[in-house]
Amino acid sequence: MADMAGWEMPVSYGDADGEHVASRHRAGLFDLGDTGLVELAGSDALSALRWLTSSDPARLRVGQIQHAALTTAEGTVLDEILIHRLAASHFLLAVNGANLKTDALWILGQAPRFGDVAVVDTSSRYAVVSLQGPASREVLQALTGADLGSVEEFAFTYGEVAGARATISRTVWSGEDGFDVLIPPSSALRVWQAILQEGADAGIVPAGLHALDTLRLEAAWRSYGADIDETTSVLEAGLEAIVAWDKGDFNGRAALAEQQATGLSRRLVGFEMADAAVAHAGCDACIAGAKVGVVTSGAESPQLVKAIGLAYLPVAHAKTGTEFEVHVHGRHARARVVALPFYQRPKG
């Protein structure tokens with residue numbers, strides 16, 4: 001077990017790599033109880049979100065989800081979030097649990113300038129469990145009357161799961177098909193046990209934070225506090241896809257536009273180790289023995305059976321195929337820049 005933003009969370013249920021492999025080939029069930037949830041509602045809620053985030057929530061239909069960043073005036077990342085459009089003027093933000101108070105206070109502080117916006121921390125109203133893997137839809141469908149086949153990626157629906165009212169979203173953060181299920185906390189244990197029982201024949205297993213981290217790394221999903229934070233810009237982190245340049249002004253737009261015009265000095269890249277070593281967060285990235293960057297995430301990939309990681313490197317050394325060294329356990333081990341994501345699930 002480990003402390004996560006005040007929550008006691010499972011690191012592993014006994015076999016972290018086995019939990020990862022099960023999630024890739026069958027399904028893994030994750031406790032995401034530390035997820036922070038903030039709701040915005042009111043006639044000016046959309047205007048507020050369009051200013052506060054890098055994306056454009058105006059593009060969302062009711063029932064859709066958008067990957068976004070809460071940005072600072074410098075274009076750096078206050079948090080990486082998922083925006084759910086519950087109604088025309090009602091939104092649910094899923095934020096990192098460790099950032100919940102910071103995010104909520106930030107949004108509350110900004111909201112009055114927009115007019116009719118109510119901001120409420122609704123985290124305590126929900127427990128969150130996530131079923132990730134190719135068997136997830138079949139297993140979960142047996143426990144709900146909601147048509148999961150009609151729920152597109154980055155969309156959600158409502159229904160009951162094992163008799164508990166639920167919001168069911170398809171966010172595929174692991175790189176596999178999967179569903180996050182928001183339920184009343186009083187129903188969490190019953191739903192958890194029902195999913196494990198229903199999925200027993202399919203070979204699904206409970207999975208912890210270690211498997212969550214290696215799955216998201218293989219899928220190149222950035223981890224807040226490691227790969228991105230208030231010192232890293234959206235563009236440096238390689239998150240151009242969540243910047244809506246055509247929506248008009250937003251917090252940090254000027255700084256990001258200047259970066260885009262003048263060019264970046266560094267960029268987050270994926271790498272694999274060429275020598276027998278595993279790089280971890282905090283290891284120095286070096287060229288000819290001199291430090292030029294830092295590793296932000298690293299692990300032995302259970303799926304790819306090789307050591308992989310993410311690191312910030314100078315743009316001149318960020319091209320795919322470029323070799324550099326990582327200072328690991330007192331020695332310099334060779335690494336190579338590779339394209340992201342490291343893993344993509346088979347189509348069909």
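## Close-up views of a predicted protein chain

**Figure 1. Ala162 lies in the loop that joins β10 (156-161) to β11 (164-169).** Helices (H or I, at least four residues) and strands (E, at least two) are DSSP runs, numbered from the N terminus. Although Ala162 is not a glycine, its phi is positive, at about 50 degrees. This is a predicted model, in which local features need pLDDT of at least 70 and side-chain atom pairs count only at pLDDT 80 or more, while totals for chains, interfaces and linings use all residues. Residues are numbered from 1 along each chain as its sequence is written, and side-chain values use heavy atoms, with hydrogens and water left out.

**Figure 2. Ala220 is placed in the loop between α6 (209-218) and α7 (253-262).** The phi of Ala220 is positive, about 60 degrees, although the residue is not a glycine. With a relative accessible area of 8%, Ala220 is buried. Buried denotes under 20% relative accessible area, exposed over 50%, and partly exposed the range in between (1.4 Å probe, protein chains only).

**Figure 3. Thr72 occupies the loop between β5 (65-71) and β6 (77-87).** Thr72 counts as buried, at 8% relative accessibility. When neighbours within four places in sequence are left aside, Thr72 is in contact with Leu78, Glu230, Asn251 and Gly252; contact means heavy atoms within 4.5 Å. The C-alpha atom of Thr72 is separated by 9.9 Å from that of Thr231, a residue 159 positions away along the chain.

**Figure 4. Gly6 is found in the loop between β1 (2-4) and β2 (7-9).** A relative accessible area of 64% makes Gly6 exposed. Gly6 and Asp34 are 28 residues apart along the chain, and their C-alpha atoms are separated by 8.2 Å.

**Figure 5. Glu323 belongs to strand β18 (residues 323-328).** Its relative accessible area is 39%, and Glu323 is accordingly classed as partly exposed. Not counting residues up to four places away in sequence, Glu323 touches Ile287, Arg334, Ala335 and Arg336. Between Glu323 and Gly199 there are 124 residues of sequence separation and, C-alpha to C-alpha, 44 Å in space.

**Figure 6. Ala288 sits in the loop between β15 (284-287) and β16 (290-301).** Ala288 counts as exposed, with 75% relative accessibility. The distance from the C-alpha atom of Ala288 to that of His332, 44 residues away along the chain, is 9.7 Å.

**Figure 7. The cysteines Cys283 and Cys286 are shown with their sulfur atoms 9.6 Å apart.** A disulfide is a covalent bond between the sulfur atoms of two cysteines. Here the term is applied to a pair of cysteine sulfur atoms within 2.5 Å, and a search of the whole structure finds zero disulfides. For Cys283, the closest cysteine sulfur is that of Cys286, which is too far for a bond. Cys286 likewise takes part in no disulfide, its nearest cysteine sulfur being that of Cys283. Cys283 is buried, with a relative accessible area of 13%. Cys286 is also buried, at 3%.

**Figure 8. Leu340 and Pro341 are joined by a cis peptide bond.** The omega angle of this bond is about 0 degrees. Pro341 is located in the segment after β19 (331-338).

**Figure 9. The protein chain that provides these views contains seven helices and 19 strands.** Its radius of gyration is 20 Å, close to the 20 Å that the globule rule gives for 348 residues, so the chain is as compact as a globular protein of that length. The radius is taken over C-alpha atoms, and the globule rule is 2.2 Å times the number of residues to the power 0.38. Along the principal axes, the C-alpha atoms fill a box of roughly 60 × 55 × 40 Å. Of the 348 residues, 53% are buried. Among contacts with a separation of 6 or more, 66% are between residues 24 or more positions apart.

**Figure 10. The surface and charges of the protein chain are considered here.** The chain exposes about 14,700 Å², of which carbon and sulfur atoms supply 51%. Accessible areas come from the Shrake-Rupley method with a 1.4 Å probe, and for residues only the protein chains shown count as cover. The chain has 27 positive and 42 negative charges, whose mean positions are 5 Å apart. Lys and Arg count as positive and Asp and Glu as negative, whereas His and the chain ends are not counted; each charge is placed at NZ of Lys, CZ of Arg, CG of Asp or CD of Glu.
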